[in-house]
Amino acid sequence: MLRPLFPGPLADQLVTLRRALHRHPELSGVETETARRLTAALVDVAGLRPADVHCFGTAVIGRVPGRRPGAPVVALRGDIDALPIQEATGLPYASEVPGVMHACGHDVHATWAVGAAALLVANPAAGDVVIVLQPAEEIDRGAAAVLDTNALDGVSAIFGAHVDRRFVVGQVVADDGPLAASADTFTIELVGRGAHAARPQESADPIVGAGALIGALQSIVARRLHPATPGVVTIGTIHAGTANNIIPDRAVLTGTLRTVDPATRRLLREEVERIATATAAAYRLEATVTMELGPPPIVNPPGPTAWARQAVRTVLGEHALVPLGIVNLAAEDFARYMERIPGSFLRVGARDADGEPIAAHSPHFWAAEGAIFVGAAVLAETARVAAEGLAISDQRSSDQRSSD
């Protein structure tokens with residue numbers, strides 16, 4: 001798929017890079033060897049000048065010069081971290097690191113960012129294009145860290161994409177509107193009074209209270225949200241007790257909240273705290289609720305998304321554009337960029353025509369290599385289209401100011 005767009009040995013170099021990244025995954029925040037490999041690839045594979053590639057911790061930032069000095073600058077982002085999962089794909093290039101694998105396709109995302117850089121070196125956009133190879137997406141730390149470096153100062157639009165095995169290679173989702181959810185986390189500590197398990201009347205049992213609380217929290221989505229409004233309240237962990245004959249004095253629950261709009265996000269947080277406090281009181285417990293705000297939802301705006309759709313049509317044809325067709329309540333820290341910079345986020349088909357859908361974050365997940373070429377070509381063309389669109393918009397604004 002699209003190999004003819006990749007001149008000389010570039011296609012094979014990208015496949016080799018992807019397989020090396022997949023074979024040697026690194027967890028969030030410690031992607032040292034991955035960053036070294038990608039720094040070299042931006043120079044040796046993509047053709048960037050060493051002076052145009054910089055590292056900020058394990059983030060790698062490259063800059064592809066544009067055709068016209070002063071033209072609007074666009075950024076393309078690929079993430080690079082892996083997950084703490086033991087791989088079970090059986091691939092010939094499966095992870096060689098015990099308990100760590102690229103179960104979310106970041107090996108492909110990093111590779112197609114390098115591929116996009118190479119295509120832009122060969123056929124530049126109007127303005128410079130910043131290539132962001134971002135660490136720590138899985139723990140919602142990487143995008144904020146990149147923004148803190150000021151490496152994206154002056155960038156007028158940013159684009160990224162994610163592999164998706166629900167779609168075949170050659171299909172691309174470039175929808176405006178909600179594409180990913182916010183992801184807030186909460187911790188609820190229930191404190192009661194411990195006792196002997198044979199004399200429960202002497203206790204204030206936090207385990208019984210925790211059981212009631214879990215059921216009560218499910219009423220938030222079922223009874224507080226409009227049936228057409230997406231939302232998730234999930235309890236992920238419960239920790240309580242040390243032995244079968246002891247009623248403990250405390251229980252700790254943790255979970256996640258997923259929404260796609262600010263009002264629902266606020267409602268879920270308020271309801272978790274209200275229900276936790278009320279349920280604890282009913283069971284003679286005290287509740288402490290702690291919330292940690294994660295990334296906001298990704299809501300693709302029409303303008304930048306239209307540029308991405310135009311790029312998909314140019315590279316693949318109208319038939320390649322497909323709707324997401326579901327409400328996606330997974331989160332993406334690309335949303336951190338979009339809080340400051342206009343942009344759009346895409347989903348790129350990642351299974352062969354005869355392949356089966358495989359859930360991300362599964363030990364069996366892998367992305368077909370054709371997705372590398374689709375992602376690279378679409379993102380590179382998106383950068384070109386966006387740069388031209390931004391330049392036209394800037395010129396119109398300048399003309400309007402002159403006429404005023």
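1. Phe334, Tyr337 and Phe345 make up one aromatic cluster. Rings of Phe, Tyr and Trp (its six-membered ring) pair if their centres lie within 6.5 Å, with planes under 30 degrees apart counted as stacked, over 60 as edge-to-face and the rest as tilted. The model is predicted: local features need pLDDT of at least 70 and side-chain atom pairs count only at pLDDT 80 or more, while totals for chains, interfaces and linings use all residues. Residues are numbered from 1 along each chain as its sequence is written, and side-chain values use heavy atoms, with hydrogens and water left out.

2. The whole structure holds 3 aromatic pairs. In one of them, the ring centres of Phe6 and Phe373 are 5.1 Å apart and the planes stand at 65°, so this pair is edge-to-face. Phe6 belongs to the segment before helix H1 (10-23) and Phe373 to helix H10 (residues 370-403), 367 residues apart, so the pair links distant parts of the chain. Helices (H or I, at least four residues) and strands (E, at least two) are DSSP runs, numbered from the N terminus. Phe6 is buried at 4% relative accessibility, and Phe373 is buried at 3%. Buried means under 20% relative accessible area, exposed over 50%, and partly exposed in between (1.4 Å probe, protein chains only).

3. Phe334 and Phe345 form a tilted pair, 4.9 Å centre to centre with 40° between the planes. Because Phe334 lies in helix H9 (residues 334-338) and Phe345 in strand S15 (residues 343-351), the pair ties together parts 11 residues apart in sequence. Phe334 is buried, at 0% relative accessibility, and Phe345 is buried at 1%.

4. Tyr93 sits in the loop between strand S3 (73-79) and helix H3 (106-122). Its relative accessibility is 5%, so Tyr93 counts as buried. Neighbours within four places in sequence aside, Tyr93 is in contact (heavy atoms within 4.5 Å) with Arg18, Arg19, His22, Arg23 and Glu369. Tyr93 and Arg19 are 74 residues apart in sequence but 5.9 Å apart in space, C-alpha to C-alpha. The side chains of Tyr93 and Arg18 are joined by a polar contact of 3.3 Å.

5. Helix H5 (residues 206-217) packs with helix H7 (residues 262-282) at an angle of about 145°, the axes being 10 Å apart. Axes are lines fitted to C-alpha atoms, for helices over the stretch in contact, and angles run from 0 to 180 degrees between N-to-C directions. Gly209, Ala212, Leu213, Ala216 and Leu217 in H5 meet Val272, Ile275, Ala276 and Thr279 in H7.

How values were computed
Polar contact = N/O pair within 3.5 Å; in protein donor to acceptor, adjacent residues only side chain to side chain.
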